[in-house]
Amino acid sequence: MGTYAANLSAVFRGRKGISPVYSDAGRFFRATYLTGKMSELLTDVMDVLAGGAGSHVLQLRTPFGGGKTHSLVALLHLVRDRASSVAACPELKDIADPGEVQVAVLSGEELDALTPATATGIETHTLWGELAAQLGHYELVKEHDRTGAAPGGEVLRQIIGDSPTLILLDEVLIYVEKAMVVAKGESNAGRQAMLFLQALTEVVSAQPNVVMVYSLQASVGEAVGAEGLLSDLDKLVARVDSKREPVAGDEVLRVVQRRLFAELGDDATHQEVARSYSDLLRKQLLAAAETGDARREADAAADSLEERILAAYPFHPELLDLMYHRWGSLISYQRTRGALQFLAAVVHALWKSGAKSPLIGPGDIDFTDEATRGAFFSQVGERERYVSVLSSDVTSDGAGCATVDRTLGADSPMLAQLRVGTRVASAIMLYSFGAREGEDRGVLETDLVKSVLVPGLTRNVVVSALHDLREEELYLHHTGRRYRFEPTPNLTKLVRDEATKLSSNEVLTEVRGELENQLRGTKGVALWPEAPSGIADERPVFTVAYLHPDWSEDRDPQSKFIEQAGKGAPRRYRNGLALVIPDKGQFDLARHAVRLRLAADSLLSKARQYNFNAEQIEELREKSGNARRDGSAAIGAAYSTVTIPIRSRTGEAPYILETSDLRTMLAAGRALHERVVEALSQRVFSSITAAKLVALAGLGADRKAVTCADLVDWFYSYYDFTKLWDKQTVASAIAKAVSESELGYVVGVVREGEGIAPRDARQVRFGERLTADEVDLSNDAAILWQDYAREFLLTVVEPTPEVPQPDPTGWAKPQPTPPAPSTTPKGAKPGSGNGGPSDVVRVANVKAVVERSGLFNLGRSLSWLRDERGSVRIEINIHAEGEFDRASFLNGFLEPIEEAAEDLDINTQ
C-alpha cells in the first residue's frame, strides 16, 4: 500500500528504493490523472516562474491522502524533467516553460530541530540552513543556522537570488510542532521556524519569478490538536484563491481508475453494464411509483445512474460516493490515497477469488480477505471496537448473514450464488462509518437497495434479506430508519457500558470468591500466593498452590515458589508442594463473564431508573444467569496444567518439574480440584505400605529409632521420599507396621548421644493392634527397628534385671525404668489427696479468657494434654481483629483448625 504514499524528499534526492511510479517523471505522469485543479495549479506556478502574474505563495490544504504531496511531486518533475513529463502527459505542453529553475524541498516529516541534515553535504540544523544549503548559499546563514535564530528578509533575498526558484514545503505543521519543544535561548525552535516562514513568504511574494508552495492539513483533528499553529500557518496566505485543493468531487473516480487499471476494456461493455443496472433500477423504482412525478423521478434516477456508471466503471458510483462523502468526514480517512489503498485491496481480493460481478459495489466487498479488512479499518478506524462485530456478523461461518444466505438460496441457485445476506450486511458495514453533513450514521433502505442491486436481484429479495438480518445479526441496529452496525446489541450495550464501570479489582475479587467456593472444604490449598511466603512451609500436608491469574514465569519462576519460603529463607517442605498454572485465556473468559454478571445484576437493581419493561428484566435475568454459569465453567477450566517437583535422575539438578495437562482430563461433573488430585494421583498418595515406610526410614542396626516428627519432616522435605497428601498417612502406615510386627512404636523418648531410646520400656508397642488415631507424630514419639523393639519387650518380661552387657552394635542395652521414689510428704497418709497413686484428676472443665500475650502458655497447656492419655474435647470461641493477609490467614490459622475440628463455624469480614 506504500505505492500510493508519495515521499517528496525521497523523490527530490533520488533516494534508492522509491517506486519508479514516483521517481521517474514519465511513469509518474502516465499513472497520474491530471485533475482540473492540479492542471490549474501547474499552470499558475509555471506562469509565475516564467515571469507572469499570479500568486507567488500557494497553500495546498486537503485531508490526509488528498493529493497534496502528489501535487508537489508533479511540480518537481515538471520543472526538472519537462520533456519526459510532456511526453507522458501531452496536456502539459501548453503550460508555460520557465526554463531552468532552481528547486528547494523542505519536508517537515524528514527534518527536525534536533537532528542535523547532511544530504547536501553540509550539516544543517534549521529550515533556513537547509534552504540555503540546497540553493548553494549556506555561508550567508551559517551563524543563523548554528544559533537557531531566524534570518531576516534581506538575507533570504540574497539566498534566493534573481533566478526562477521553486520552493516546496511538505507537512510544515509537523516540523513546527516538533520544534516547539526545543528551547533556543529565551525562544524555541518552533517560534523561530514560524518567523522564518513569515519572512520567507514576504520575500517570495516580492520576487518576480519565485514561487513557494506548501501543504497543510485540512482540519484541527488531523493536526493532532495543534489548532493555534494550524491557524498561524493558514494565515501565511491571505487570498482565498491562493488556497488550492488538488482533487475535488468526482475527480477521485478518474484518479482511482488511472492508478489501479492499465486499461478498462472496450466502451461497448461499459455501455452494456451501465444500461443493465439503469434498467434494473428503473424497473424497481417504477414498480413503487404511484404518481407521474414519482415515475419521472424514477426515470431521471435511472438515467443518472447510467451516466455515473460510465464515468466510474468498473466501480459502482455508490461505493465511491460513500467513501468520499461519508468516510470523508472521518479523521482517519485519507481521501484520494485512502480510496486507492482500499480499492486496490478490494480489486486484488476479487481478482484472486475469480469474482464475476459486472461492477464493484458496496455489496461486493470481500471482508473475508485479510488485506481488505486491514485497508478498511485503516481508513475508517475503530478497528478494536469493530473487528469482533465484523467477525461475528459478516465473515464467520456462524454469522447471521450466512444463515440468511442459506435461507434465501435454498430454492434458488442464483440467489445462493449472490449470497444476498452477506451482500447486504457487507454494504451496511461500509455505511456504518461516517455520514453526510447533517445526517446520522447508517443507510436508509432506499439507498441500500440501490447500492446492492445487481442483475438477477430484486428489491423484494433485498428487503426480505434486511428483515431476516434484523432477526439474525447480533450487532445490527435499525435506528431512525437507518441501518448500521454498532459494537454491541442494544440491551447488551447497556450491560457492557455498565460493565466498564467495574474496576479490574472488583471483578477479580468476584472471580476469587467463586474459586474459593469451588475449593471450599479442600485442605492443603494455597490460593493466589503473591510471593513464596504466601505458601505455608513446614505444615505436614501436601499443598496445592493455585497461582494468580496474572502470574508469569518470567516475573515469578516456579522454582522461586518451590525453593523459597519467604524473606530469602529456603523452603523445607519442598516435597509437599504442587503448583497449578493458570490458563490466561480461560481467566479472561471468567473475568468477562463475571463482569457481565455483575453488570446485569447492577442494571436489574436500577430497573426502575431505566424504566425496563418485563421482557427486558427477564432478558437481563437470563443474561445474569448465563454469565454466572459461563463464569463458573470458565473458572472450573481456568487452570491448564499442574507441575510438581520430582527427583532428577540425572543428578544435574536436585529436581525437575513434571507437568500434567489438566485440559486432557474429562471435566464433566467434576470440580477443578478433583481433576488436580487425579492428575497428581500417580505422584501423591494417601497410603503407603509398611515395608515402604521401613525402607524409607532406614531403620536397622545403624539407625534403631527415628522420631515420628523427623519421619514426617523427611517425607515432606526430600524428593526421594513418597509424596503424601497428609501426615495421617504416616500415622496409618506406622499403625499397620506395628500391628504386623514390622517396627515398634513408643511415646516418650530420650536422646542418648546420637541415638534415641524409650523413656519407659513399658510404653513400647510392637506386634499389637494400634490405630492411626493413637499414633503421636510429635518429636516425643518414635518408631523403632523391629529387633530394637523386641529387646525392650524382653526387658519388660524379665523378673530380674540382668547385668548390662556390651552390645556389639555399640548401643547400651536399655534397662527398665526403676520405680519413682515416693513423693508423699512426711506425715501424710497415702490416698489422702496430698500425693501417691490416688492423687489424680479424673475430670477437668476449664473456662478461660486468653489475650494475645497468653497464647504461648496456652500452647504449652494444650501440648501437655496432647501427650497425656485420656479423652479430650475442647470447645473454643476465638475472636481476632486486625489486618490479616487473606492467604496467610487461611493457610496459617484457619486450615490447621479445619484439619483438627469436626464441627466448625467460621465468620470473617
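# Close-up views of a predicted model

**View 1. Ser 357 counts as partly exposed, because its relative accessibility is 33%.** Residues are numbered from 1 along each chain as its sequence is written, and side-chain values use heavy atoms, with hydrogens and water left out. The loop that holds Ser 357 runs between helix H17 (335-353) and helix H18 (370-380). Helices (DSSP runs of H or I, at least four residues) and strands (runs of E, at least two) are numbered from the N terminus. Not counting residues up to four places away in sequence, Ser 357 touches Tyr 277 and Asp 364; contact means heavy atoms within 4.5 Å. Pro 455 is 98 residues from Ser 357 in sequence, yet their C-alpha atoms are 9.5 Å apart in space.

**View 2. Five strands make up an open sheet with mixed pairing.** The order of the strands is S11-S12-S15-S16-S17, where two strands pair if DSSP finds at least two bridges between them. Strand S11 (525-527) and strand S17 (655-661) are the edge strands, each pairing on one side only. On average, neighbouring strands of the sheet are turned by 25 degrees against each other, direction ignored. Within the sheet, strand S15 (residues 577-582) runs antiparallel to strand S16 (residues 639-647), and four bridges join the two. Leu 579 stands opposite Thr 643 in S16.

**View 3. Helix H26 (residues 504-519) lies across S11, strand S12 (543-546) and S16.** H26 runs at about 175 degrees to S11; axes are lines fitted to C-alpha atoms, for helices over the stretch in contact, and angles run from 0 to 180 degrees between N-to-C directions. The end C-alpha atoms of H26 are 22 Å apart, which agrees with the 22 Å that its 16 residues should span at 1.5 Å a residue. The expected span is 1.5 Å times one less than the number of residues. Val 507, Leu 508, Val 511, Arg 512, Leu 515 and Leu 519 are the buried residues of H26. Seen down the helix axis, these buried residues fall within an arc of 140 degrees, so they line one face of H26; the arc is that of the directions from the helix axis to the C-beta atoms. An α-helix has 3.6 residues a turn, so residues three or four places apart point the same way. Gly 521 follows H26 and has a positive phi, near 85 degrees.

**View 4. Val 594, in helix H28 (residues 584-605), touches residues of another stretch of the chain.** Its contacts, leaving aside neighbours within four places in sequence, are Val 507, Glu 510 and Val 511. Val 594 is buried because its relative accessible area is 4%. Gly 631 is 37 residues away along the chain, with 5.7 Å between the C-alpha atoms of Gly 631 and Val 594.

**View 5. Gln 558 belongs to helix H27 (residues 558-563).** Relative accessibility is 11% here, so Gln 558 counts as buried. Beyond residues up to four places away in sequence, Gln 558 touches Trp 551, Glu 553, Leu 579, Ile 581, Thr 643 and Leu 657. Leu 579 and Thr 643 are the residues that stand opposite each other in the sheet of View 2.

**View 6. Strands S22 and S23 form a hairpin with two residues between them.** Strand S22 (residues 749-752) pairs with S23 in the antiparallel sense over four bridges. Glu 752 has Gly 755 in S23 as its bridge partner. In the turn, Gly 753 has a positive phi of about 70 degrees. Gly 755 and Ala 757 point one way from strand S23 (residues 755-758), Ile 756 and Pro 758 point the other way, and all are buried. In a regular strand the side chains alternate between the two faces of the sheet.

**View 7. The peptide bond from Tyr 313 to Pro 314 is cis, with omega near 10 degrees.** Pro 314 sits in the loop between helix H15 (292-312) and helix H16 (317-326). Most residues other than glycine have a negative phi, and most peptide bonds are trans.

Key. This is a predicted model: local features need pLDDT of at least 70, side-chain atom pairs count only at pLDDT 80 or more; totals for chains, interfaces and linings use all residues. Buried means under 20% relative accessible area, exposed over 50%, partly exposed in between (1.4 Å probe, protein chains only).
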